[in-house]
Amino acid sequence: MTKTLARWTVEDYHRMVEAGILNGRQVELLNGEIVEMTPEGIPHAYYSDETADYLQKLLGDQAKIREAKPITLSDTSEPEPDITIAQPLGAVYLEHHPYPENIRWLIGFSQSNLTKDLEDKTKIYAAAGIQEYWVVNLRDKQLVVFRSPVNGEYQSREILTDGVVSPFAFPDVEIQVSRLFGQ
């Protein structure tokens, strides 16, 4: 007998949140499945917070830095990346979470859940047309930069351990890779 999983929509998910069904649970909606999020360890929390502050200083009013907030990518995916660099649309975000066209790039910090961040989420983000996704691999002190999605796959994957990197959305901004690891 074949099992069929019920796929949830963003609308279903929002109704569950509003009804309190998911209170006290750290979850996100990925491809129609409600997935438990790995709890943040101390290094994860520290580095993501420091990076958000660093990016805010570099980007100023050019972008809205959102930490661990939902983004709506499709009718079946509403993940919560560690950092979303989005258009600064103010009260528009009272009406909806950022959509793919509002997102400049995403950053995830990972130590124990690298497979989810380097494989599962790259597919979801590339399918949504997110132009750039960075994974800060805290275990190996590497920055993995995914760029240029085509047909649900990123065409470029670069691993950096030092130097500077400029995001596609802000080519004049130079980000010190070592700063992402607190160095």
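The buried residues of helix H3 (residues 114-127) are Leu114, Lys116, Asp117, Leu118, Lys121, Thr122, Ile124, Tyr125 and Ala126, where buried means under 20% relative accessible area, exposed means over 50%, and partly exposed lies in between (1.4 Å probe, protein chains only). This is a predicted model, in which local features need pLDDT of at least 70 and side-chain atom pairs count only at pLDDT 80 or more, while totals for chains, interfaces and linings use all residues. Residues are numbered from 1 along each chain as its sequence is written, and side-chain values use heavy atoms, with hydrogens and water left out. Helices (H or I, at least four residues) and strands (E, at least two) are DSSP runs numbered from the N terminus.

**Helix H3**

- The covering of the buried residues of H3 includes strand S1 (27-30), strand S2 (33-36), strand S5 (103-110), strand S6 (132-137), strand S7 (142-150) and strand S8 (153-160).
- H3 has 14 residues and reaches 19 Å from its first C-alpha to its last, close to the 20 Å expected at 1.5 Å a residue; the expected span is 1.5 Å times one less than the number of residues.
- A kink of about 35 degrees is centred on lysine 121, the bend at a residue being the angle between axes fitted to the seven residues ending there and the seven starting there.
- Aspartate 120 is also found in H3, and it counts as partly exposed because its relative accessibility is 41%.
- Aspartate 120 and leucine 30 are 90 residues apart in sequence, and their C-alpha atoms are 9.0 Å apart in space.
- Just after H3, glycine 129 takes a positive phi of about 85 degrees.

**Helix H2**

- The 18 residues of helix H2 (residues 42-59) should span 26 Å at 1.5 Å a residue, and the end C-alpha atoms are 26 Å apart, which agrees.
- The buried residues here are His44, Tyr47, Ser48, Thr51, Ala52, Tyr54, Leu55 and Leu59.
- Among the elements that cover these buried residues are S3, S4, S5 and strand S10 (175-176).
- Glycine 60 follows H2 and has a positive phi, near 55 degrees.

**Loop residues with positive phi**

- Most residues other than glycine have a negative phi.
- Alanine 68 lies in the loop between S3 and S4, and it counts as partly exposed at 37% relative accessibility.
- Asparagine 151 also has a positive phi, near 50 degrees, and is a residue other than glycine.
- Asparagine 151 is placed in the loop between S7 and S8, where it is exposed, with a relative accessible area of 79%.

**Buried residues in loops and a strand**

- Threonine 72 lies in the loop between strand S3 (64-67) and strand S4 (83-86), and it is buried because its relative accessible area is 12%.
- The side chain of threonine 72 makes a polar contact of 2.7 Å with the side chain of glutamate 78. A polar contact is a pair of N or O atoms within 3.5 Å; within protein, one must be able to donate a hydrogen and the other to accept it, and residues adjacent in sequence count only if both atoms are side-chain atoms.
- Leaving aside neighbours within four places in sequence, threonine 72 is in contact (heavy atoms within 4.5 Å) with Val10, Ser77, Glu78, His97, Pro98, Tyr99 and Pro100.
- Isoleucine 130 is in the loop between H3 and S6, and at 1% relative accessibility it counts as buried.
- Not counting residues up to four places away in sequence, isoleucine 130 touches Leu73, Pro100, Ile103, Leu106, Tyr125, Pro149 and Tyr154.
- Glycine 108 is found in strand S5 and is buried, at 6% relative accessibility.
- Beyond residues up to four places away in sequence, glycine 108 touches Asp82, Tyr133, Trp134, Val135 and Val136.
- Glycine 108 and valine 144 are 36 residues apart along the chain, with their C-alpha atoms separated by 9.8 Å.

**The largest pocket**

- The largest pocket is lined by 24 residues, of which Thr38, Glu40, His44, Asp82 and Phe109 lie nearest its centre.
- S5 and H3 are the elements that give two or more residues to this lining.
- On a 1 Å grid over the protein atoms alone, a pocket is an open set of points where a 1.4 Å probe fits, with protein on both sides within 12 Å along at least five of seven lines; lining residues have an atom within 4 Å of a point.
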